[in-house]
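Hello,

Here is the structure I promised to pass on to you. Have a look at it first, and then read on for what turned up when I went through it.

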Amino acid sequence: MNQKLYLLDYGAGNVQSLANSLTKLGHTFTWISSPEDFNHATSLIFPGVGAFETAIQNLKSKGLLEPLKQYIQSGKPYFGICIGMQVLFQSSTESPSPGLDIIHSPITRFHDDNKTVPQIGWNAADPLIETSENPAYYYFVHSYCAKYDPKTYSSAAEWAYTTTQYGDEIFISSVRKGNVFGVQFHPEKSGKAGLALLDKWLRTPESERVITPTFTPPTLTPKPKHSLTKRIIACMDVRTNDEGDLVVTKGDQYDVREKATPSSTVKTAGAVRNLGKPVALASTYYNAGADELCLLNITSFRHSPLQDQPMLAVVRAAAECVFVPLTIGGGIKDTVDPDGTPHSALEVASAYFRAGADKVSLASEAVYAVEKLLASGNEKGDGTSAIETIAHAYGRQAVVVSIDPKRVYVDPETYDGPFKDELVHGKFDSPIEAERGKAWWYTCTTSGGRQTRNLSVCQLAKGVEILGAGEILVNSIDRDGTGLGFDLDLIKLVKSCTKVPVVASSGAGKAEHFLTVFEGTDVEAALAAGIFHRGEVGIGEVKECLKNSGIGVRMDVA
């Protein structure tokens, strides 16, 4: 009998990435559109991104939850990805709704005593069953997991196929038993290793996709150090040039127009700096080994986000050739069309997730939301901000907050203002002469750094974490485009006041600057733009530098 592969979409999250991966691999499939479709499927993949509760409730509202359970119990091959694996479990501390209880154990949250939560990045999946394969690195993005503990959670341990360590916790990164295969990571976003895993499962005859472990789950002791790698992210600022074409540009202190020089022409002086086409550059960086890509629409949807079809088209096209995580930013906010039609930030984010984005990035809207939170005097938000609504639907791991701090210099001897506990003192032997003997705090900005706010960087970082952000991207207006290296003082300050992952940005001028930021701070990832666009430094060069110095990085390229 010919394979009839079906994909289950519960209505939230980026399922398009899996569809793109299957198409690239040459596999055909049909979407589950009604409960009756389960009867026609001979193989089923359930990709899920987002919150456990949202997944369960959406499946129930569509009448798909019980048919899904019946399909799994029928013995036909099932492949669950992320939420598609977690719903197999009895319950989740993230949700009041029960799971399918195929695996009689709970999903619980990572503790954040010695690590950031969510876990975001590339980590190893260590086989429990003897195989000839070496552990591969896959992309994880989650706050909740199935703990590997044969004494406390014996049912889950009996299903464990691979385990992964994050911090001092060992969790189940994949389950396999009978007709069921499930993974916590995202193979569709794990580069060539993930594509190979998908392809192998699909090309194995359906009758051979059944495996029943016959082993006693071993007791595992956490290793001194987990295998989560440091991420290198390539960022592309996208906007229209004066001819109306979408281009990748890059500014110095956020100015994206070419400077007048003795050799410049009337045509180039003052023109938007054009460093390439966004989809072509995204493909280039993916093939070079970038761990993630970021597309920021810096024109920020001046008219209507959902009518900005060129940018949506860019996301769709990029997602067809990029199989690592893709973050989209710019204009993720409540808006009103010229004709008066309102659109919520959640609606805008959803459009980008459906187009192929994995995360959305918010900037100015996050500042306004934190200002509102602080003014209210409450310990949590009212649930209406863009951060809160998107995180509730898709999980906090889908929400990145991009912050644009700027230094405010003060007299170190006399300053007694509200941010004195956040003061940074420049070293007298600093290689940057302008910093020597100075003191400053970091104020937050909006509108691409053009407007300053009476809000410190720590207030913003703490506030967005409370509201539900899963990751913070730290830019530096003072270092942007300078090539002097990342602002380590700024990054350390942000890391000291938040427990979510942090991405360092702004100032990289050479490969050694990435080494400096990883050795000098606990930051989880580092991002660059201009030096990659101009070919001054290659992604492979950065990773070789890190690897040679003992920093864990993912080295395979597409």
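A word on terms before the details: contact here means heavy atoms within 4.5 Å. Please also keep in mind that this is a predicted model.

Let me begin with a pair of helices. The axes of α11 (residues 364–376) and α13 (residues 457–467) come within 9 Å and cross at roughly 85°, so the two helices are roughly perpendicular to each other. On the α11 side, the residues that meet the partner are A366, V367, A369, V370, L373 and L374, and on the α13 side they are Q459, L460, G463, V464, I466 and L467. By type, this contact divides into 10 nonpolar residues, 2 polar and no charged.

Helix α11 turns up again around α12 (residues 386–394). Of the 9 residues in α12, 7 are buried, namely A386, I387, E388, I390, A391, A393 and Y394. Their cover includes α11 and α13, along with α3 (52–61), α10 (345–355), β19 (359–362) and β20 (399–403). Just after α12 comes G395, with a positive phi of about 95°.

Now to the sheets. An open one is built from 9 strands with mixed pairing, in the order β2-β1-β3-β4-β12-β11-β10-β7-β8. Its edges are β2 (30–31) and β8 (136–142); each has a single partner strand, so one side of each is left without a neighbour in the sheet. Within this sheet, β4 (residues 78–82) and β12 (residues 180–183) run parallel and are joined by 4 bridges, with Y78 partnered by V180 of β12.

Helix α7 (residues 191–203) lies across β1 (5–7), β3, β4, β7 (119–127), β8 and β12, and runs at about 95° to β8.

There is also an open sheet of 3 strands, again with mixed pairing, in the order β5-β6-β9. Here β5 (89–92) and β9 (144–145) are the edge strands, each pairing on one side only. Strand β6 (residues 103–109) runs antiparallel to β9, with 2 bridges between them; R109 has Y144 in β9 as its bridge partner.

What about the interior? The largest nonpolar core has 120 residues, and those that touch the most other members are I45, L293, F514 and F532. Leaving aside neighbours within four places in sequence, I45 is in contact with L5, Y6, L7, L8, L18, L22, F79, I81, W201 and L202. A second, separate core has 39 residues, among them I32, L65, I83 and F89.

Beyond its neighbours within four places in sequence, H533 is in contact with C235, M236, V248, T249, K250, L275, L281 and Y285.

How values were computed:
Residues are numbered from 1 along each chain as its sequence is written. This is a predicted model: local features need pLDDT of at least 70, side-chain atom pairs count only at pLDDT 80 or more; totals for chains, interfaces and linings use all residues. Side-chain values use heavy atoms; hydrogens and water are left out. Axes are lines fitted to C-alpha atoms, for helices over the stretch in contact, and angles run from 0 to 180 degrees between N-to-C directions. Angles under 35 degrees count as roughly parallel, over 145 as roughly antiparallel, 65 to 115 as roughly perpendicular and the rest as oblique. Ala, Val, Leu, Ile, Met, Phe, Trp, Tyr, Cys and Pro count as nonpolar, Asp, Glu, Lys and Arg as charged, and the others, Gly among them, as polar. Two strands pair if DSSP finds at least two bridges between them. A nonpolar core is a set of buried Ala, Val, Leu, Ile, Met, Phe, Trp, Tyr and Cys residues joined through side-chain atoms within 4.5 Å. Buried means under 20% relative accessible area, exposed over 50%, partly exposed in between (1.4 Å probe, protein chains only).
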